[in-house]
Amino acid sequence: MNSASTTVASTPGVMLLRVGQAGCALRWDAAAQCWRWPDPAGSQLYAWPAPPVMPSGVRMLESACAMACASSGRVLLGLGKRLGMVELPQQGQPNRPLQAQVLVTIDAAEPRTNISDGCTDRAGNFVFGTANTGQDRRPIGSFYQYSSRYGLRRLALPAVARATSIAFSPDGRRMVFADAVRGAILQCDYDPERAKVSNVKPFSELLEQGAGAAIFDRAGNLWSVQGGVLVQYDRDGQVLQQIALAREAAASVAFGGADLDQLLVLGAQGGLYGLPPDLLKGLTPGVADALFRDGGSASSGSARAGR
């Protein structure tokens with residue numbers, strides 16, 4: 001199948017929630033059994049369904065556009081030029097703004113770059129990239145791996161104007177990534193222990209300008225947000241379907257639920273949507289996000305993550 005043989009299926013979606021001003025980095029928290037996402041415009045961290053001890057939104061002292069759940073129960077956030085950890089409020093605690101414990105500053109000598117996308121690899125390291133926030137949009141962004149064991153390590157990948165679409169195959173040996181201002185999703189072989197990449201090559205051309213979030217399902221199919229449209233590719237980069245939300249552009253996507261068989265889409269204006277069954281016939285469940293290994297109980301975190 002090629003891109004010309006698929007059309008965009010428009011759907012109003014099943015709206016579950018609308019909060020905040022913007023949406024990005026939708027993630028499934030297996031321990032709390034909820035989806036979480038930061039609102040970079042409103043400096044909020046949201047959850048749905050809201051856990052019993054936490055409101056649907058908690059204010060942060062800084063805005064974030066990338067996140068991962070950690071083995072300790074904390075949340076790792078990409079905060080401008082820094083990575084930081086926040087403690088989620090516990091039952092009985094006052095609802096105060098979340099203040100991050102800074103772990104590392106990224107590319108401190110280059111004021112034009114900020115963290116733009118990131119996720120954990122299958123080994124529990126956080127892999128992320130940066131964007132040029134200047135008007136020139138020159139490719140000065142980079143990709144990195146951060147871990148508690150090795151600290152910050154730069155990945156030998158091409159420089160980009162805005163790093164995005166970072167995702168890992170079910171076995172963790174393949175990484176996909178993109179530059180949001182260019183026209184292709186790339187892939188490479190990935191060694192998490194040594195933070196080594198090799199064999200960089202195209203995965204597929206973009207169907208819409210503006211690459212965004214990406215995730216794999218268990219069959220190795222890639223779900224990619226492009227120009228506000230959700231595109232599903234097979235493992236070889238052939239397009240299977242395209243889905244657009246009628247009410248707003250898609251910003252991120254994530255599998256969740258006890259069996260990771262629910263696919264939710266986060267809109268760019270803060271809407272959270274389910275998709276109608278007719279668009280998800282034969283849906284292959286997702287792959288659980290690895291918990292970021294921050295020194296918490298990795299064994300208990302893995303057990304909570306389920307499948």
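Two strands are taken to pair if DSSP finds at least two bridges between them, and strands themselves are DSSP runs of E with at least two residues, numbered from the N terminus. The model is a predicted one, in which local features need pLDDT of at least 70 and side-chain atom pairs count only at pLDDT 80 or more, while totals for chains, interfaces and linings use all residues. Residues are numbered from 1 along each chain as its sequence is written, and side-chain values use heavy atoms, with hydrogens and water left out.

Strand S16 (residues 174-179) runs antiparallel to S17 and is joined to it by five bridges, with Phe177 standing opposite Leu186 in S17. These strands belong to an open sheet of four, ordered S15-S16-S17-S18 with antiparallel pairing. Strand S15 (163-168) and S18 stand at the edges with a single partner strand each, so one side of each has no neighbour in the sheet. On average, neighbouring strands of this sheet are turned by 25 degrees against each other, direction ignored; the axes behind such angles are lines fitted to C-alpha atoms.

## The hairpin of S17 and S18

Seven bridges pair strand S17 (residues 184-191) with strand S18 (residues 196-205) in the antiparallel sense, and Asp189 has Ser198 in S18 as its bridge partner. Four residues lie between the strands of this hairpin, where Ala195 takes a positive phi near 55 degrees.

## Aromatic pairs

Rings of Phe, Tyr and Trp (its six-membered ring) pair if their centres lie within 6.5 Å, and planes under 30 degrees apart count as stacked, over 60 as edge-to-face and the rest as tilted. The count by this rule comes to ten aromatic pairs. Phe203 and Tyr233 form an edge-to-face pair, because their ring centres are 5.6 Å apart and their planes stand at 75 degrees. This pair links distant parts of the chain, 30 residues apart, with Phe203 in strand S18 and Tyr233 in strand S21 (residues 229-233).

Phe203 is buried at a relative accessible area of 6%, and Tyr233 is buried at 0%, where buried means under 20% with a 1.4 Å probe and protein chains only. Elsewhere, Trp28, Trp35 and Trp48 form one aromatic cluster.

A cavity is a set of points on a 1 Å grid where a 1.4 Å probe fits but cannot get out, and lining residues have an atom within 4 Å of a point. The whole structure holds one cavity of 30 Å³ or more, and the largest cavity has a volume of about 40 Å³. Its lining includes Met60, Glu62, Leu77 and Val86.

Notes:
1 Å grid on protein atoms, 1.4 Å probe; cavity = no way out; pocket = protein on both sides within 12 Å on 5 of 7 lines; lining within 4 Å. Points joined across faces, edges and corners; volume = space filled by probe spheres on them. Buried < 20%, exposed > 50% of the residue type's maximum accessible area, 1.4 Å probe, protein only. Axes fitted to C-alpha atoms, helices over the stretch in contact; angles between N-to-C directions.
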